[in-house]
Amino acid sequence: MDTAKQVARLLQAENERLHRRLEQLVAELARLKGQDAQVLLQRELAKLQEQLALMQQRLYGASSEKRPVSAPEPPPQRMRQQQGHGPQAQPELPVQEVVLPLDPADPVCGLCGGALHEWKGQTEDSEEVTVVERQFVLRKLHRQKYRCPQGCAPVTAPAPPRLVEGGRYSVEFAVHVALQKYVFHLPLARQQRMFLREGLGVERTTLWDQLEALARHLHKSYEALLAEVFTSPLIHADETLWYLLDKGPGKKWYAWTVASPDAVYHRIFPSRSGATAKMVLGDFKGVVVVDGYAAYQTATKAGAEEPAPATLAFCWAHVRRKFVEALKFEPACEHVLKFIAQLYAIEEDLPDWHALEDKVQQGALAHRLAVRQQQSAPLTERIKAWALSQRALPDSTFRKALEYMLELWSGLTVFLLNPRVPLDNNHVERQIRDVVLGRKNHYGSKSQRGTEVAALFYSLIETAKLRGEDPGDYLLRAALAAIDNPDAITLPVSHD
């Protein structure tokens, strides 16, 4: 306790010293610029207070961006639904019928002492959900041999497919390890401990060998996935942090993601630069929905003799996020947040184009464009007029939110001219959610090959889920096809 008090006193003294220094610097700056020192000091203090409030919110506040809404009127008493949780139907679970008899010593009547006899067909029924623990099995395979009575060469039944020739572990086992790591985010060390508890002793290096071998067989399918994404006229792009844990505390790498409405492709690079963004987007010439990160603008900038390779559409959800932060310090943000909510309300009634085909799709796109021109276009003009009429202190959170929106305005209004463009980039943010969860659980990759394997599995698994296919079934099917034919390309099948 004494040490803690001493630390607190030292921090307080340092804080006071920094405030005095800030006052001196602001006064000197005001003198050089011929401005009021007190006004500049108040601006600096307001800026620091905003930064402190935002930091406290990020550390201790709720992460949800949902804003409070007025509570709806309670329904009449007769219409009120039953509160609490009822039993949930389980149509996917196998059913076991279990009859529970009395113990042999118990079939005696408690009133007369006579023997009780079974009442055929009469039971009192209920249900319970239980668990049957997973079991690893060591299968000893005996490949039957056959001989010809004419003296020809004997024939042996074929061996089951293996990821590694002569390997001991089945393809199903490798798929299971991949699902545990890249769907349920269990590090290999944790899987090793779980497997040992269930009777299987296996080294982490052996588990990694299974993942690496499975990835080699799936590599052609992974490569084909990028071409699949770029066949769409519209894609989403985003990036998130990934660590390479080769030596020391780890190096910052980045998982870059491009996604079409029904496919996802991840790659992990050591850079977050504009050159890397250009490599990720390649020669794509459609519309790319992104956030305001400058690397995408650098990557799609028109050259001296050639037009921009792709059109950038910016994300209204990121704009909204900036004003939600600024609302804590500037109540005027409430106006623009209501306008943005109206934009989203208009979108809720519009049909999805990517799930339709041919004339039906063209009709849906025409309807989307007409509604946006009639309803969304005037609303965006009101948003811009409101923003231009505002006054905000330099470097304030409100000023930054206004500048962010106005600087990206041309890309924020692309959706008014192109009915395929959504309002935000939430689609790709949902596709990198598992990457972020995996990073939190197993921290990153221990080698560059590890980053390649992680990107491959995240891409194929997320695409399978996006298309409504079970990831385990897909990985097993694709691996077996690749073992049979190394040039085979198997992509998840849409179950829409």
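How many salt bridges does the count come to? By the rule used here, a side-chain nitrogen of Lys or Arg within 4 Å of a carboxyl oxygen of Asp or Glu, the count comes to twelve salt bridges. The model is predicted: local features need pLDDT of at least 70, side-chain atom pairs count only at pLDDT 80 or more, and totals for chains, interfaces and linings use all residues. Residues are numbered from 1 along each chain as its sequence is written, and side-chain values use heavy atoms, with hydrogens and water left out. Helices (H or I, at least four residues) and strands (E, at least two) are DSSP runs, numbered from the N terminus.

- Side chains of opposite charge can pair when their charged atoms come close.
- One of the salt bridges joins Glu212 and Arg449, at 3.2 Å from N to O. Glu212 belongs to helix H5 and Arg449 to helix H15 (residues 448-466), so this pair ties together parts that are 237 residues apart in sequence.
- Glu212 is buried, with a relative accessible area of 18%, whereas Arg449 is partly exposed at 28%. Here buried means under 20% relative accessible area, exposed means over 50%, and partly exposed is in between, with a 1.4 Å probe and protein chains only.
- Glu212 and Arg449 also belong to a network of salt bridges that links them with Arg216 and Glu452.
- A salt bridge of 3.8 Å, N to O, brings together the side chains of Glu429 and Arg321. This pair links distant parts of the chain, with Glu429 in helix H13 and Arg321 in helix H8 (residues 316-326), 108 residues apart.
- Glu429 is partly exposed at 24% relative accessibility, and Arg321 is partly exposed with a relative accessible area of 26%.

- Glu462 and Lys465 form a salt bridge through their side chains, at 3.3 Å from N to O.
- Both residues lie in helix H15, three residues apart, which is about one turn of the helix.
- Glu462 is buried, with a relative accessible area of 5%, while Lys465 is partly exposed at 36%.

- Asp424 sits in the loop between helix H12 (409-412) and helix H13 (426-431).
- Asp424 is buried yet has no salt bridge, and the nearest side chain of opposite charge, Arg430, is 5.9 Å away.
- The side chain of Asp424 does make a polar contact of 3.2 Å with the side chain of Asn426. A polar contact is a pair of N or O atoms within 3.5 Å; within protein, one must be able to donate a hydrogen and the other to accept it, and residues adjacent in sequence count only if both atoms are side-chain atoms.

**Pocket and cavities**

- On a 1 Å grid over the protein atoms alone, a cavity is a set of points where a 1.4 Å probe fits but cannot get out; a pocket is an open set with protein on both sides within 12 Å along at least five of seven lines, and lining residues have an atom within 4 Å of a point.
- The largest pocket holds about 1,600 Å³ of space. It is lined by 32 residues, of which Glu97, Val98, Val99, Leu100 and Ser126 are the closest to its centre.
- The lining of the largest pocket divides into 16 nonpolar, nine polar and seven charged residues.
- Residues lining the largest cavity include Lys278, Phe284, Thr300 and Pro309. By class, this lining has five nonpolar, two polar and one charged residues.

- His185 has a positive phi of about 65° although it is not a glycine. His185 lies in the loop between helix H3 (171-182) and helix H4 (188-197) and is buried, with a relative accessible area of 8%.
- Asp358, also not a glycine, has a positive phi of about 50°. Asp358 is in helix H10 (residues 358-388) and is exposed, with a relative accessible area of 60%.
- Glu223, in helix H5 (residues 204-230), is partly exposed at 45% relative accessibility. The C-alpha atoms of Glu223 and Ile489 are separated by 9.0 Å, although the two residues are 266 residues apart along the chain.

How values were computed
Ala, Val, Leu, Ile, Met, Phe, Trp, Tyr, Cys and Pro count as nonpolar, Asp, Glu, Lys and Arg as charged, and the others, Gly among them, as polar. Lys and Arg count as positive and Asp and Glu as negative; His and the chain ends are not counted. Grid points are joined across faces, edges and corners, and a volume is the space filled by probe spheres set on the points.
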